[in-house]
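Please look over the sequence and the model shown here. A short briefing follows.

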Amino acid sequence: MLIVPLFIGTTELLLICGLALLLFGGKKLPEMMRGLGQGVQSFKEGMNSAVNSEEQPGKTQDSSAKNAESENKPDVGEQ
């Protein structure tokens with residue numbers, strides 16, 4: 001599904017693609033698109049790793065807090 005902002009029609013899209021082809025040439029344009037795709041992919045991977053790294057410390061803090069609570073509680077036999 002292609003979502004184009006500002007209600008750009010088919011004619012405008014063809015005109016933009018034609019101008020890009022004229023400016024950059026047939027050989028350079030695929031290289032630029034490949035670089036753009038790799039950049040988007042690395043950005044998504046970075047966002048996923050940032051989200052995962054934020055979730056992991058929270059989980060370890062919860063488990064360490066539970067361990068600390070259980071260590072502070074006296075055993076029933078010690079009273």
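In which helix is Met33 found? Met33 lies in helix 1, which spans residues 10-72. This is a predicted model, in which local features need pLDDT of at least 70, side-chain atom pairs count only at pLDDT 80 or more, and totals for chains, interfaces and linings use all residues. Residues are numbered from 1 along each chain as its sequence is written, and side-chain values use heavy atoms, with hydrogens and water left out.

**Fold and surface**
- The protein chain has 1 helix and 0 strands (DSSP runs numbered from the N terminus: H or I of at least four residues for helices, E of at least two for strands).
- Of its 79 residues, 1% count as buried (under 20% relative accessible area; exposed is over 50% and partly exposed in between, with a 1.4 Å probe and protein chains only).
- Carbon and sulfur atoms hold 62% of the chain's accessible surface of about 7400 Å² (Shrake-Rupley method, 1.4 Å probe; for residues, only the protein chains shown count as cover).

**Met33**
- Met33 counts as partly exposed because its relative accessibility is 48%.

**Leu21**
- Leu21 is also in helix 1, and its relative accessibility of 46% makes this residue partly exposed.
- Leaving out residues up to four places away in sequence, Leu21 touches Gly26 and Leu29 (contact means heavy atoms within 4.5 Å).
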